[in-house]
Amino acid sequence: MAVLRGLDALPEPPTRPGNGHLQDWALSPLALIEAGALAARRSGGDVFRLRLGLPAVVGASPAWNRRLLTDPGTFVSAGSFSRVVPYLAGGVILTDAPGHAPRRQLMNPGFGRAHLAALEARTRAALPAVPDGEFDALAWADHAVLRLLNAAYFGGEFDPGLLHAFLAPLRRPFPVPAWPRPLLFLRVDAELRRLGHARLTAGGDDLLAVLAPLPGGLVEARVSLAAAHDTTTHALAYALWHVAREPQWHVPEHHPAVLREVLRLYPPGWMGSRRLARDVTWNGVRVPRGALALYSPYLSGRDPALWDAPLDFRPQRWADRPPPWAYLPFGGGERVCLGMHLAQMLIHGVLGALPPLRAVRGDPAPLPGLTLGPRGPLVVRRA
Ligand code: HEM
């Protein structure tokens with residue numbers, strides 16, 4: 001029988017004396033995981049180790065992605081990174097097997113294509129005007145997505161100032177999103193109760209009307225709004241930037257490929273985390289119970305073994321299907337993003353309504369925070 005090796009057998013990016021990878025994880029996590037992926041490739045394997053205070057294993061191969069995302073009893077969310085961020089620490093995001101799948105079955109229909117189609121006219125009407133002169137696509141997307149989510153969730157009735165105050169800290173660098181904000185959350189919960197009560201008594205066809213009758217439904221509304229806002233904002237901002245830079249792609253039949261390519265190169269959910277509920281053996285290495293197990297849509301989307309010219313923006317590559325489990329901007333398996341169809345509907349709605357644009361100047365370099373987005377600003381103007 002083959003002898004199992006311990007975590008020390010795994011390749012790792014260079015460490016710093018005294019703190020392992022913690023400093024690089026805090027200051028330049030993309031460079032750190034790219035160095036790790038390179039070390040893994042050079043060793044002939046598909047995972048690498050990080051020393052983050054806890055043992056952590058990161059992988060980006062389709063096989064690793066598939067294993068992590070299809071075994072929710074072993075790769076659990078309790079104790080993962082989401083727990084650290086009060087915005088995300090609740091509802092379905094922190095519910096694990098066996099309760100997770102039935103919970104999602106209750107929520108999925110409201111976020112499915114058929115129900116969303118009924119919301120489309122309303123979200124289209126909520127889209128803010130495109131400014132006449134030069135404008136920052138990132139700031140505009142931020143504002144637009146706030147209005148679109150208010151329309152989709154609450155028929156536009158949520159106090160806009162409070163919604164902005166609630167969501168704005170998510171786009172700030174760490175540790176700002178991790179700070180507890182009990183008073184702000186109380187105000188948001190009171191507004192959710194007010195509107196939820198109105199849905200329960202008078203009905204409605206927005207997302208709150210779907211969530212309010214569920215046990216814990218108002219918490220689901222708060223948590224999913226937090227998961228929705230900067231992910232959708234960042235994807236939209238990148239899409240605007242790319243159609244402004246390469247206007248030949250700014251036609252409705254190419255918008256789906258533009259969005260896919262944006263999400264391949266700049267997946268807002270750049271790193272997904274789980275904890276191991278039991279020991280796992282991976283290619284002869286024993287990864288102990290309690291370890292962090294990470295998958296990275298960012299690394300998978302840029303892996304030269306999986307994509308031709310991975311760093312080039314080439315929407316035409318989407319004429320072919322990607323390899324299975326290589327393209328995961330919305331995760332996969334049972335925990336696949338609840339808002340996948342909502343985000344796509346909103347972004348396609350905006351792209352379809354936008355006039356021709358031109359890029360003026362900007363810094364699209366990816367900046368990893370709670371979600372990954374452009375360093376910005378991304379200044380564009382009407383063509
Ligand atoms: C382009 C926009 C979006 C991207 C790239 C994105 C990405 C992701 C990813 C990668 C995951 C899986 C995380 C994991 O495996 O740990 C996820 C989960 C989730 N997303 Fe999204 N998301 C987006 C928009 C939204 C929207 C609009 C909503 C609003 C409903 C939303 C709500 C959620 C929720 C609630 C989960 C947790 C699902 C569960 O654990 O069962 N997301 N998202």
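Me: What covers the buried residues of H2?
Reply: The cover includes helix H1 (22-27), strand S1 (47-51), strand S2 (55-59), helix H13 (297-301) and strand S10 (366-368). Contact here is C-beta atoms, placed from the backbone, within 7 Å; helices (H or I, at least four residues) and strands (E, at least two) are DSSP runs, numbered from the N terminus. Mind you, this is a predicted model: local features need pLDDT of at least 70, side-chain atom pairs count only at pLDDT 80 or more, and totals for chains, interfaces and linings use all residues. Residues are numbered from 1 along each chain as its sequence is written.

Me: Which residues of H2 are called buried?
Reply: Pro29, Leu32, Ile33, Gly36, Ala37 and Ala40. Buried takes 20 or more other C-beta atoms within 10 Å of a residue's own; 12 or fewer is exposed, and in between is partly exposed, with C-beta atoms placed from the backbone.

Me: Why are they said to be on the same side of H2?
Reply: Because they cover an arc of only 135° around the axis, taking the directions from the helix axis to the C-beta atoms. The face turned away from that buried side carries exposed Ala31 and Arg42.

Me: What makes the span of H2 agree with expectation?
Reply: The expected span is 1.5 Å times one less than the number of residues. For the 14 residues of H2 (29-42) that should be 20 Å, and the end C-alpha atoms are 20 Å apart, so it agrees.

Me: And what comes just after H2?
Reply: Gly44, with a positive phi of about 85°.

Definitions and conventions. Contact = placed C-beta atoms within 7 Å.
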